[in-house]
Amino acid sequence: MDKVYYAKVQGIVDEVDQEIFAVGMSIGNGETALPSKLEILYSGEISEIRVTIQEGKFHQVKRMLAARGKPVLYLKRVRMGNLPLDPALEPGTYRYLTEDEVESLRNF
């Protein structure tokens, strides 16, 4: 199931970064990340990006970006599968899924 993250990172994110994410990459400790999608929302001294991954290794997005020399300043998961995450939830809180959301995940 796809997991989508929004991040702010230190450094300029470019097409080379996108290409490396697209083919998969080493993330340290002998681990590799599957191919993923890196979208550049803004590229500058502090870049804004969206990353879509298919797996969920420990701190995977942070490790992928660190491997490219772009430390993460802010990271938030915004979607799982076809279900956008509730932006009103505070960190560490939760809510139950609605029946429509459960059905949407079943049909994903």
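Which residue is the bridge partner of Gln 10 in β5? Hello everyone, that is my way in today, and the answer is Ile 46. Before I go on, this is a predicted model, where local features need pLDDT of at least 70, side-chain atom pairs count only at pLDDT 80 or more, and totals for chains, interfaces and linings use all residues. Residues are numbered from 1 along each chain as its sequence is written, and side-chain values use heavy atoms, with hydrogens and water left out.

Let's start with the sheet. It is open, has 5 strands in the order β4-β5-β1-β6-β7, and the pairing is antiparallel. The edges belong to β4 (37–42) and β7, each with a single partner strand, so one side of each has no neighbour in the sheet. A word on terms: helices (H or I, at least four residues) and strands (E, at least two) are DSSP runs, numbered from the N terminus, and two strands pair if DSSP finds at least two bridges between them.

Now take β1, residues 3–10. On one hand, 8 bridges join β1 to β5 in the antiparallel sense. On the other, β1 pairs with β6 (residues 72–80) over 7 bridges, again antiparallel, and there Tyr 5 has Arg 77 as its bridge partner. Moving on, β6 is joined by 2 bridges to β7, residues 83–84, with Met 80 opposite Leu 83. The hairpin of β6 and β7 has 2 residues between the strands, and Gly 81 takes a positive phi near 60° there.

Next, a residue I'd like you to click on: Ser 47, in strand β5, residues 46–53. Is Ser 47 buried or exposed? Ser 47 is buried, with a relative accessible area of 0%; buried means under 20%, exposed over 50%, and partly exposed in between, using a 1.4 Å probe and protein chains only. Its side chain reaches the backbone oxygen of Gly 11 at 2.6 Å. That is a polar contact, meaning a pair of N or O atoms within 3.5 Å; within protein, one must be able to donate a hydrogen and the other to accept it, and residues adjacent in sequence count only if both atoms are side-chain atoms. Leaving aside neighbours within four places in sequence, Ser 47 is in contact (heavy atoms within 4.5 Å) with residues including Ala 7, Val 9, Ile 12 and Tyr 42.

For comparison, look at Ser 104 in helix α3, residues 99–106. Ser 104 is partly exposed, at 24% relative accessible area. Ser 104 and Leu 83 are 21 residues apart in sequence and 7.6 Å apart in space, C-alpha to C-alpha.

A quick stop at helix α1, residues 15–23: at its start, a side-chain oxygen of Asp 14 reaches to within 3.1 Å of the backbone nitrogen of Val 16. Just after α1, Gly 24 takes a positive phi of about 95°.

Which residues line the second largest pocket? Among them are Tyr 5, Ile 53, His 59, Gln 60 and Arg 77. Two or more lining residues come from each of α2 (60–67) and β6. A pocket here is an open set of points on a 1 Å grid over the protein atoms alone, where a 1.4 Å probe fits, with protein on both sides within 12 Å along at least five of seven lines; lining residues have an atom within 4 Å of a point.
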